[in-house]
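Here is a short note for a colleague opening this model for the first time. Please read the points in order.

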Amino acid sequence: ETDITTGQETHGNHHDEETLRHELPLYHHHLSTIPDRHAGGILLSIKKEFIESYFSNYSVIELINGRMLKLDAQGEQGRLVVIAIHLTPGLPEDELQKYLDEIRNNFIHDPYTMNILIGDLNAHPSDEPKLIVGSTESEFSFSNYTKKFDEKFGHLAEISGAVSYTHLRAH
């Protein structure tokens, strides 16, 4: 089980949140869809036990319809900001800039906050989900997307796979 998970290309509508609540009751589910049922949609699911154990309050807001959700959780041990993203392949330059600006503007820059970007950048040849966290050199170098991403967020580290919140807080 994971504490936070995301899904891209979810399509569907908000009735699907009811299905998720019924089928996966251990999680809070947040879904953002777009009118075109053939593209887009993003899901952010947060394990109830995790969020209630570490944080006294949290909110999930839609930053870009069907493409970007933000979790902002605060507690005694600090703050966690998770941005779940689904970039559209072949975005025009101005649209890509909009996404990058939204990410930068929604990360919290203080020593008590952990910022995580998770989702599908549609820019990596392996097409596996990416998790961006930390403050070391990034290894992105594949496409125009990642070049633009590097320009704004090259100081972040890349981690693929599951990572525990408590493990990251210890470093």
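**Notes on charge pairs and fold**

1. Start with R104. R104 counts as partly exposed because its relative accessibility is 33%. Here buried means under 20% relative accessible area, exposed means over 50%, and partly exposed lies in between (1.4 Å probe, protein chains only).

2. A word on the basis. This is a predicted model: local features need pLDDT of at least 70, side-chain atom pairs count only at pLDDT 80 or more, and totals for chains, interfaces and linings use all residues. Residues are numbered from 1 along each chain as its sequence is written, and side-chain values use heavy atoms, with hydrogens and water left out.

3. What does R104 pair with? R104 forms a salt bridge with D101, and their closest N and O atoms are 3.1 Å apart. A salt bridge is a side-chain nitrogen of Lys or Arg within 4 Å of a carboxyl oxygen of Asp or Glu. Side chains of opposite charge can pair when their charged atoms come close. D101 and R104 sit three residues apart in helix α3 (residues 93-106), so about one helical turn separates them. D101 is partly exposed, at 23% relative accessibility. Helices (H or I, at least four residues) and strands (E, at least two) are DSSP runs, numbered from the N terminus.

4. Helix α1 (residues 15-23) holds both R21 and E18. They are three residues apart, about one turn of the helix. Their side chains meet in a salt bridge, at 2.6 Å from N to O. R21 is partly exposed, with 38% relative accessibility.

5. Now look at R79 and D72. Their side chains also meet in a salt bridge, at 2.6 Å from N to O. Is D72 buried or exposed? D72 counts as buried, since its relative accessibility is 12%. The count for the model comes to four salt bridges.

6. F50 lies in helix α2 (residues 48-54). F50 is buried, at 5% relative accessibility. L26 is 24 residues from F50 in sequence, and their C-alpha atoms are 9.9 Å apart in space.

7. Finally, the whole protein. It has five helices and nine strands. Along the sequence the pattern reads β-α-β-β-α-β-β-β-α-β-β-α-β-α. Buried residues make up 44% of the 171 residues. Among contacts (heavy atoms within 4.5 Å) with a separation of 6 or more, 53% join residues 24 or more positions apart. The accessible surface comes to about 9200 Å², and 50% of it belongs to carbon and sulfur atoms. Accessible areas come from the Shrake-Rupley method with a 1.4 Å probe; for residues, only the protein chains shown count as cover.
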